[in-house]
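Please read the following report alongside the sequence and the coordinates. It takes up aromatic contacts, surface charge and backbone geometry in turn.

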Amino acid sequence: MTRSRRTTLSTGAAALTLALGVALAEPAHAGEQPSNTQGSATEQSGGSDGTGIYAAARITYSGSVAKNGGTGNVTSADVNWTPPPCWYAPYLGAKDFKKKMSEDIEGQMNAPGMGGHAGAALGELQRHYEDEYGWTDTPGYKDYNVDKDGEGMFWAAVENPDEPDILKRSSCNDLPFWVENGEAPPPQYEEAITPEILAALAYQHMQLPDTEVSIRPEETTKVNLPTWAWLDKAVFDEVQATAAINAPGFALQATTTAKPVSLKLEPGTDDAETYPASGECTINADGSIGEPYARGKADDTPPCGLKYLRSSGNGTFDLQATITWEIAWTGTGGAGGDLPDGTFGATQEVTVQEIQSVNR
């Protein structure tokens, strides 16, 4: 028997939402962060219940990533770009899924007051996995596909724990579905995990280096004296972060690479000039930015730098140095593309003094 999927999901909406909550409770936790102190190898993995069943959905991060699986320090230059709030990934094999789901459904059906639309919705959910009850583009299953155990897995939703909007985070609310080993998920599941989604997650967790800009004069400069700024290639190189997922019959990975392309200087006061006037210092052919100060160039105009027009008095000016990183990715099967540029800045305190003169 088949019915419209939309109609089915709207029948007894509150009850079916509860049923979905039961069905997805385990994989919804598959984004929790472990107590892992190694920033170069962190992972998001599934939780477990009293049965000891673990979600197979597991994303491992390696390379230049934040410690403990936290969000990295990259700020997207595109204010409209956001990481995926949720996705679908391998969850459990047929026998384990039957054990988990049938116990959950049975427990809900036996709960006090579970009748009417709520009970009917749970009954449809049970028939969906046991008696081939389905709807348009969503076939039902016979006895949870246990005769195909080992030949595929049920996939289910995974929430991104770093997504603050709970509605977005829980928007992957389709019922768990079967995917044969080596096959792509059905096309209607647009949020099924892909190398591109992994690349976006690697971007979200990427940790760019804290790079302090070299300036001359250091820390203390003079009013109307050009201050040179530069970054050597040795401390200013590309970084990579990788996200991978592995499950029986399924493996994907994506590596996101950030390449530095420019440095923007913001003096911390309007009473200053930057070189060039835009404050954007582009990367040199050798991978460095700007030019180191050399003796005898005190009065020259630096290719990258600034000049303060008044003193900082008894305090300091906060020189903001922001690096723009060009970000691209490659992944399983030759996939790849570009992601929005990322930025990361640091602040340095600069003391600016008046030039003292002596009248004779």
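## Aromatic pairs across the chain

Tyr-203 has a relative accessibility of 2% and therefore counts as buried, the cut-off for that class being under 20%. The model that shows this is a predicted one, and it holds 18 aromatic pairs. In one of them, the ring centres of Trp-81 and Tyr-203 lie 4.5 Å apart with the planes at 50 degrees, so the pair is classed as tilted. This pair links distant parts of the chain, since Trp-81 sits in the loop between β4 (75-76) and β5 (86-92) while Tyr-203 belongs to helix α6 (residues 195-205), 122 residues apart.

A further pair is made by Tyr-88 and Phe-177, whose ring centres are 5.6 Å apart and whose planes stand at 70 degrees, so that the arrangement is edge-to-face. Because Tyr-88 lies in strand β5 and Phe-177 in strand β8 (residues 177-180), the pair ties together parts that are 89 residues apart in sequence. Tyr-88 counts as buried because its relative accessibility is 1%, and Phe-177, at 2%, counts as buried as well.

## An aromatic cluster

One aromatic cluster is formed by Tyr-91, Phe-97, Tyr-129, Tyr-141, Tyr-144, Phe-154 and Trp-178.

## Negative charge on the surface

On the surface, Asp-96, Asp-147, Asp-149 and Glu-151 gather in a patch of negative charge. Among them, Asp-149 is placed in the loop between β6 (134-135) and β7 (152-159), and with a relative accessibility of 34% Asp-149 counts as partly exposed.

At 8% relative accessibility, Asn-145 counts as buried.

Asn-68, which is likewise not a glycine, has a positive phi of about 60 degrees and is located in the loop between β3 (59-63) and β4. Its relative accessibility of 38% makes Asn-68 partly exposed, as that class covers the range between under 20% and over 50%.

## Cis peptide bonds

Arg-216 and Pro-217 are joined by a cis peptide bond with an omega of about 0 degrees, and Pro-217 lies in the loop between β9 (214-216) and β10 (220-222). A cis peptide bond also joins Tyr-275 and Pro-276, where omega is about -5 degrees; Pro-276 is found in the loop between β14 (272-275) and β15 (280-282).

Technical notes. Residues numbered from 1 in each chain as written. Predicted model: local features only at pLDDT ≥ 70, side-chain atom pairs only at ≥ 80, totals over all residues. Heavy atoms only, no water. Patch = residues over 30% accessible without salt bridge, like charges linked within 9 Å, V, L, I, M, F, W, Y side chains within 5 Å. Areas by Shrake-Rupley, 256 points an atom, 1.4 Å probe, with all protein chains shown as cover. Salt bridge = Lys/Arg side-chain N within 4 Å of Asp/Glu carboxyl O. Lys, Arg positive; Asp, Glu negative; His and termini not counted. Charge placed at Lys NZ, Arg CZ, Asp CG, Glu CD. Helix = DSSP H or I, 4+ residues; strand = E, 2+ residues; numbered from the N terminus. Buried < 20%, exposed > 50% of the residue type's maximum accessible area, 1.4 Å probe, protein only. Phe/Tyr/Trp six-rings, centres within 6.5 Å; stacked < 30°, edge-to-face > 60°.
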